[in-house]
Amino acid sequence: MLILAQIPSFHSLRYINLISLFLCLTYSACVTAGSIYLGNSSKAPKKDYSLNCNTVSLFFGFFNATAIIATTYGNGIIPEIEATLAPPVKGKMFKGLCVRYAVVTVTFFRVAISGYWAFGNIADSLILSNFLEDDKPLLPKWFILMTTIFICLQLSAAALVYLQPTNEVVEQIFSDPTSNQFSVRNVIPRVMFRSATIVIATTVAAMLPFFGDINSLIGAFGFMPLDFVLPMLFFNATFKPSKCGPIFWLNNIIALVFSTFAAIAAIAAVRQITIDAKTYQLFANL
């Protein structure tokens with residue numbers, strides 16, 4: 001990540017983004033195949049799809065899971081946004097939506113279905129954990145290693161895409177636009193800032209290994225408003241539909257409902273982090 005993060009511009013990431021898509025398709029196929037194999041083998045644990053929790057936990061768990069889904073499946077908002085950068089916006093937006101849901105269906109959605117079918121309510125937020133039992137692999141070691149490498153590489157590529165807009169905004173403060181992007185004047189500050197960002201983020205991630213909980217928090221504060229609230233408000237502000245018509249009120253109702261969802265999901269995420277913190281230690285080896 002320290003090396004890849006030095007790629008100077010968002011445009012430079014187009015090939016890495018393509019590789020990221022290939023890796024996503026590859027590791028999701030591996031995980032799906034592994035889940036189906038274990039689900040049909042004698043090594044698989046007994047399947048239980050019941051909900052083992054009280055009413056309060058079930059209530060907050062529902063909103064917690066909703067926020068996680070918003071994070072996982074909301075990544076496709078990027079091609080939607082990119083589709084609006086040049087006309088015709090409507091046609092490109094529709095193509096962006098088709099690409100988004102096609103990729104989501106053959107990757108995350110397939111993994112979710114096969115993983116839950118194979119392991120039931122003991123399916124871990126990191127599904128590869130279910131491929132181990134008492135630290136012993138239930139699948140060939142080379143298969144688990146290969147899948148893990150694909151996941152790590154894909155996460156690195158995806159992280160670059162999310163980091164780049166922030167990098168470019170911050171670097172406008174201390175960069176010199178009159179100098180070449182590879183000049184010493186621009187390279188040194190860029191290397192220092194981006195390296196510090198990666199080191200700090202990695203340290204925090206290692207300290208607080210709440211993978212699913214952090215996803216929920218990000219979904220509540222980020223993806224829910226971005227996917228379900230802001231588009232409705234922007235539509236009303238841009239196209240100004242009649243306040244007596246159904247479109248105006250439908251958009252407002254959707255924005256209000258998902259704003260409420262986001263608020264409750266944020267509370268649920270913080271609650272779950274607090275609960276999990278009781279069983280974790282800093283830099284725990286999970």
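Which residues does threonine 32 touch, not counting residues up to four places away in sequence? Its partners are Arg110, Val111 and Ser114, where a contact means heavy atoms within 4.5 Å.

## Ground rules

What you're looking at is a predicted model, so local features need pLDDT of at least 70, side-chain atom pairs count only at pLDDT 80 or more, and totals for chains, interfaces and linings use all residues. Residues are numbered from 1 along each chain as its sequence is written, and side-chain values use heavy atoms, with hydrogens and water left out.

## The chain as a whole

There are eight helices and two strands, and along the sequence they run α-α-α-α-β-β-α-α-α-α. Helices (H or I, at least four residues) and strands (E, at least two) are DSSP runs, numbered from the N terminus. The C-alpha atoms fill a box of roughly 65 × 60 × 35 Å along the principal axes.

Of the 286 residues, 33% count as buried, meaning under 20% relative accessible area with a 1.4 Å probe, protein chains only. Take contacts between residues at least 6 apart in sequence: 74% of them join residues at least 24 apart. The chain exposes about 17,400 Å², and carbon and sulfur atoms supply 73% of that; these areas come from the Shrake-Rupley method with a 1.4 Å probe.

## Threonine 32

Back to the opening residue: threonine 32 sits in helix α1 (residues 14-39). At 8% relative accessibility, threonine 32 counts as buried.

Helix α5 covers residues 141-174, which is 34 residues. From first C-alpha to last it reaches 47 Å, close to the 50 Å expected at 1.5 Å a residue (that is, 1.5 Å times one less than the number of residues).

At leucine 163, α5 bends by about 35 degrees, and proline 165 follows within four residues. The bend is the angle between axes fitted to the seven residues ending there and the seven starting there. Buried residues of α5 include Leu160, Val161, Gln164, Asn167 and Glu171.

## Arginine 194

Arginine 194 belongs to helix α6 (residues 184-207). Is this arginine buried or exposed? Buried, with a relative accessible area of 1%.

Not counting residues up to four places away in sequence, arginine 194 touches Ala5, Gln6, Ile7, Pro8, Gln164, Asn167 and Glu171. A polar atom of the arginine 194 side chain lies 2.7 Å from the backbone oxygen of alanine 5. As for glutamate 171, its C-alpha is 9.6 Å from that of arginine 194, with the two residues 23 apart along the chain.

How values were computed: Buried means under 20% relative accessible area, exposed over 50%, partly exposed in between (1.4 Å probe, protein chains only). A polar contact is a pair of N or O atoms within 3.5 Å; within protein, one must be able to donate a hydrogen and the other to accept it, and residues adjacent in sequence count only if both atoms are side-chain atoms.
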